[in-house]
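Then we'll walk through some of its features together.

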Amino acid sequence: MRVKIACVGGGPASLYFSILMKLQDPSHDITVHERNPAGSTYGWGVTYWAGLLDKLREGDPASALAVSENSVSWSDGVAHVGPRTTVAPGDEGFGIGRRKMLDLLADRARSLGVRVEYESEIAADRLPGADLVVAGDGVNSTLRERHADHFGSEISHGRNRYIWLGTTKVFDSFTFSFVETEHGWIWCYAYRFEDDRSTLVIECSPRTWTGLGLDGAGETEGLALLEELFAGLLDGHGLIGRAQTDGAARWLTFRTLTNRTWHRGNLVLLGDAAHTTHYSIGAGTTLALEDAICLARALREHADLETALTRYGRERRAELLSVQSAARHSAQWYENLPRYIGLPPERMFALLGQRHSPLLPYVPPQLYYRIDRAAGRLEALRRFKRWLGPRVARGVQARAQR
């Protein structure tokens, strides 16, 4: 049955959803409305893992091939803690420029007959006339905010400050670098996303941010200070702020968004408009694309729109529970960095890899490290560790709320 669909927001999820719907029925009338000009996007590179490529191949082999051919990969993780360095093998990860991914998906969508309209802003009180309106307009979604009470939107703010930057320094591994200053630690996550470009996300506590004067520094001054702090990592390469892309780079606090329900009538939330998970787990784009896959499948399997949208929201909220828990604990690990930073490098890096654990915050780090090593050898202990973690976390949270 021919359906008219309007996607508000031209991010990866909206574009991929439009592709999947056109593949299901070429007669669907689909328009993607993006308020920014073509080629304008915030962000440098995005990360994903092999599992996402498998899902993209299942949905649209052409999109998967285009993304794969324009991605770079790594396997090892490297952590620099002051003058100390440790390396750990890991699963193969991939990086691709956000702008490149958007261009590839937009090209594919247009080739299937989707209209992709740039500089096309949709007001929240004047929705397009369509059978289905997809709100893929990000964490600041105006479509969602107009009905925030209905959606049950809740936003919590992280404590640490972070800034999203680029560099011409090419990192062959996913790299962490922790630098000690007189005002506390500052650190970055760095990964390559093109042959000659990498992303750096730099983070620190509020005390370190103000102590270093980053709260009052302009972009040029702030980048110069960060280049000095991370000089050993950058090897003479500079940092690139948004001034060379689409505006000034800004320090932010991370906002975790959840919604009680994901649709209202024929309006449905997608991607960051529906949920966010802390950037330290590198899953934002993957989760958004998985939303698109789930929504398209629900619409294929259920002719009734209300049934399809209800199933989509219920299924995705259930699937996100474990990811959101991991993201929350990952963010808290960095907010409590002094608890771990004094460990020997190999132990600190091991616990960095365990930062998603709900048990870790409640067990002394050295003891947790020994338990984790033993659990790797004993299946019974590993099962006990998985069982105990959530129960300890729930007990502590319940006492804190009394």
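## A pocket and its lining

The residues lining the second largest pocket split into 8 nonpolar, 13 polar and 5 charged. For that sorting, Ala, Val, Leu, Ile, Met, Phe, Trp, Tyr, Cys and Pro count as nonpolar, Asp, Glu, Lys and Arg as charged, and the others, Gly among them, as polar. Before going further: this is a predicted model, where local features need pLDDT of at least 70 and side-chain atom pairs count only at pLDDT 80 or more, while totals for chains, interfaces and linings use all residues. Residues are numbered from 1 along each chain as its sequence is written, and side-chain values use heavy atoms, with hydrogens and water left out.

Which residues lie nearest the centre of the second largest pocket? They are Ser156, Thr256, Thr258, Gln324 and Arg328, out of 26 lining residues. Strand 8 (154-157), strand 14 (255-258) and helix 11 (305-335) are the elements that each give two or more residues to this lining, and helix 11 has the largest share, with 10 residues. (Helices, H or I with at least four residues, and strands, E with at least two, are DSSP runs numbered from the N terminus.) The space in the pocket comes to about 610 Å³. On a 1 Å grid over the protein atoms alone, a pocket is an open set of points with protein on both sides within 12 Å along at least five of seven lines, a cavity is a set of points where a 1.4 Å probe fits but cannot get out, and lining residues have an atom within 4 Å of a point. Points are joined across faces, edges and corners, and a volume is the space filled by probe spheres set on the points.

The largest cavity has a volume of about 50 Å³. Its lining is made of Gly158, Arg159, Asn160, Tyr162, Glu203, Phe254, His278, Tyr279, Ala331 and Glu335. By class, that lining has 4 nonpolar, 3 polar and 3 charged residues.

## Nonpolar cores

Now for the greasy parts. A nonpolar core is a set of buried Ala, Val, Leu, Ile, Met, Phe, Trp, Tyr and Cys residues joined through side-chain atoms within 4.5 Å. Buried means under 20% relative accessible area, exposed over 50%, and partly exposed in between (1.4 Å probe, protein chains only).

The largest core has 63 residues, and Ile5, Tyr16, Phe17, Val134 and Leu295 touch the most other members. Helix 10 (residues 284-301) supplies the largest share of this core, 10 residues. Apart from it lies another core of 35 residues, including Trp74, Leu252, Leu351 and Tyr368.

## Two helices that meet

How do you describe two packed helices? You give the angle between their axes and the distance between the axes. The axes of helix 1 (residues 12-24) and helix 2 (residues 50-59) come within 10 Å and cross at roughly 35 degrees. Here axes are lines fitted to C-alpha atoms, for helices over the stretch in contact, and angles run from 0 to 180 degrees between N-to-C directions.

From helix 1, Tyr16, Leu20 and Leu23 meet Lys55, Leu56 and Gly59 of helix 2; contact means heavy atoms within 4.5 Å. Sorted by class, the residues here are 4 nonpolar, 1 polar and 1 charged. Leaving aside neighbours within four places in sequence, Tyr16 is also in contact with others, among them Leu105, Leu289 and Ile293.

Start with Ile155, found in strand 8. Ile155 counts as partly exposed because its relative accessible area is 40%. Arg255 is 100 residues away from Ile155 in sequence, yet their C-alpha atoms are 6.1 Å apart. Not counting residues up to four places away in sequence, Ile155 touches Arg255, Thr256 and Leu257.

Next, some backbone angles. Most residues other than glycine have a negative phi. Glu119 has a positive phi, near 50 degrees, and lies in the loop between strand 6 (115-118) and strand 7 (132-135). Is Glu119 buried or exposed? Glu119 counts as exposed because its relative accessibility is 61%. Asp235 has a positive phi of about 55 degrees, and sits in the loop between helix 9 (231-234) and strand 13 (239-240).
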